Amino acid sequence: MADRFILELKEVSKHFPVRSFRRFGQVVHAMDEVSFRLKEGEVLALVGESGSGKTTTASIIARLYPQTSGKFVFEGKEIDPGRSGKRNLAYRKKVQMIFQDPFSSLNPTHTIFQILSRPYVIHGDAAGKKGLRSRVQVLLESVGLEPPAQFIDKFPHELSGGQRQRVNIARTFSVEPLVILADEPTSMLDVSIRMSIMNMMLEYRETRNVSTVYITHDLAGARYMSDRIAVMYAGMIMEIGPTEHVIGQAFHPYTKLLRSAAPAPEKGLKRQKLVTHGDIPSLIDPPSGCRFHPRCPFKMEECSKRIPDWKEVDAGHFARCFL
Amino acid sequence: MRNSESSKQVLLEVRNLQAGYEVKKGFVGAVDDVSFCLHKGEFLGIAGESGCGKSTLAFAIMNLLRDNARIRSGEIDFQGRLVSALSGEGFNKIRWVNLSMVFQSAMNALNPVLKVGEQLCDAIHAHRSISAQKAKERAQQMLQLVDIGPERYDSYPHQLSGGMKQRVMIAMALVLEPQLVIMDEPTTALDVVVQRTIIEKIQELQQQLDFSVIFITHDLSLLVEISDRLAIMYAGKIIEEGPAQDVFSHPLHPYTHGLMNAFPSLSGPIRRMGGIEGKPPDLLDPPKGCRFFPRCSQVMDRCANTYPPEILFEGDHRVACHLYEGKGDMQNG
């Protein structure tokens, strides 16, 4: 069976102007030449440290702002960068985002009913006032907020962080999107609640075949959630491939660094010391060539001269490295 | 193993500590009847969810509870001295000299309008009467120890990255060579790679300078790896404590089981994990019996009414749970 792709990014870059007098005219290279395709029903994890361009990538897909260059194809049609305005409702119905912070992404002056009935009203399938209420109740049940009567008239501040994130997810589910962009949905939640949120998203994917871009800095969480992983560093994808391959047979030195830095309780004292130096580079003036070369233990002369091409290290597993 | 354990010197002993916050509706018992022992040179990890009282415990030990927060009862022994009985001024003499703390967010703990070097010198001058030149030398030496060049002495906090600020905080905590350093989520806001370098630095310094550490975090997978002993807190109580690898490979308390089940692994087969349903109790009015019983998968009748006794297993592994009554290796006494 041939894979069907719901969306594709082709060498998409996003540069933000620097708002400083001294650096007038310079740009932040938040995202450079990012290319990937998202299969129907697939969970793709974008993994990277803060400032690696994960959220920018999701925001480009959500059309929160247009890309600087590159092509963005959705359902086989190229989406014009200019069409990113608020009126693009049909697109918004198909692509929904779950935000990181469950505390600031719900309007504190609205009740849960008001928050969750908005999508139905906006997208024009409101079924009368009474119908609306029962739809919101069904929605609350679907994200495990039961009994719904207990939650529907509450305000966000009356709910715990985990419950608020469930409301956020319910809002996403309400329009039955084709693509969900989840931007670190569990990073601000307590550990005991994280797994149930992750499981809920996995179950939804299984029943609806929704495609998901799952953004996280936690490699183990990415492994739990995703079919494929894309590792981002300083605005570029360094390695992409099937999850087990990327984690088990990491090719790029940066992926290896991430993997060795992740906590691994079973390793105990046998852990090897981390080989790294330096910090994430400035994105205003990124390093020439491979962006990781100043920190790379295997750097060669070539690395600082040009950006490595994609290399297929295994079936469907690509890395941007000269090694 | 236990022999070497018992031959070690006890550095800190907390006995039946109750601490919390006075509010209009009553007393929030954030730390309730907590007892534990820390040996010299030991690395103790305290894990728990937000609101379980782990930071309150740290602040109580440091005698830093202010405003409506206070210690209600219990004793804290440090180096054989009953420090919980010390007056505010009496404690000022030992705070930072003998025990210090690395606070949760370095971003907010450093003074933004003072150079980091000056802040280090302030800490030195507050406790030692030495010349400005000597203090500066010492401060630079400390910065060097945490891999920050001496030229950074004149930097302001905003000129440093998050990881560097956190290392300055560690240098600050170590500047007077204390015997105990309490670290309250020192790496939570940092990226994994930076977190790892900081952890490695702490371990290296601990070997070099031989201080004890109480490391507080919610990230159990990290704690298991770095600590000697591990204490799990839930709703103000320590519900399980023991050697870290032992607690990891043979968790006893159902809550510990649940926590271990909440961290996906990077190796081995992927299995569906559960996490823990429900949420922690309201500490203003905690359940009468075991605090975990409303969320527990193995709840019994008596769990709701009586708080479980502490049961001690071989290897100094203790648990407070009715499931193990009569199954312990030693009588608790």
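Helix α1 of chain A, residues 54-61, is mostly covered, with seven of its eight residues buried. Buried here means under 20% relative accessible area, with a 1.4 Å probe and protein chains only. The buried residues of α1(A) are A:Lys54, A:Thr56, A:Thr57, A:Ala58, A:Ser59, A:Ile60 and A:Ile61. After α1(A) comes A:Arg63, with a positive phi near 60 degrees. Helices are DSSP runs (H or I, at least four residues), numbered from the N terminus.

This is a predicted model: local features need pLDDT of at least 70, side-chain atom pairs count only at pLDDT 80 or more, and totals for chains, interfaces and linings use all residues. Residues are numbered from 1 along each chain as its sequence is written, chains are lettered from A in the order in which they are written, and side-chain values use heavy atoms, without hydrogens and water.

Now turn to the interface. Chain A gives 41 residues to the contact and chain B gives 39, where contact means heavy atoms within 4.5 Å. The size of an interface is often given as the accessible area lost when the parts come together. Chain A and chain B bury about 3400 Å² between them, 55% of it on carbon and sulfur atoms. That area is taken with a 1.4 Å probe and summed over both parts.

On the side of chain A that touches chain B, the elements giving two or more residues are α6 (191-208), α7 (219-225), α8 (243-248) and α9 (253-261). The largest share, ten residues, comes from α6(A).

How values were computed:
Buried area = accessible area lost by both parts, 1.4 Å probe. Buried < 20%, exposed > 50% of the residue type's maximum accessible area, 1.4 Å probe, protein only.
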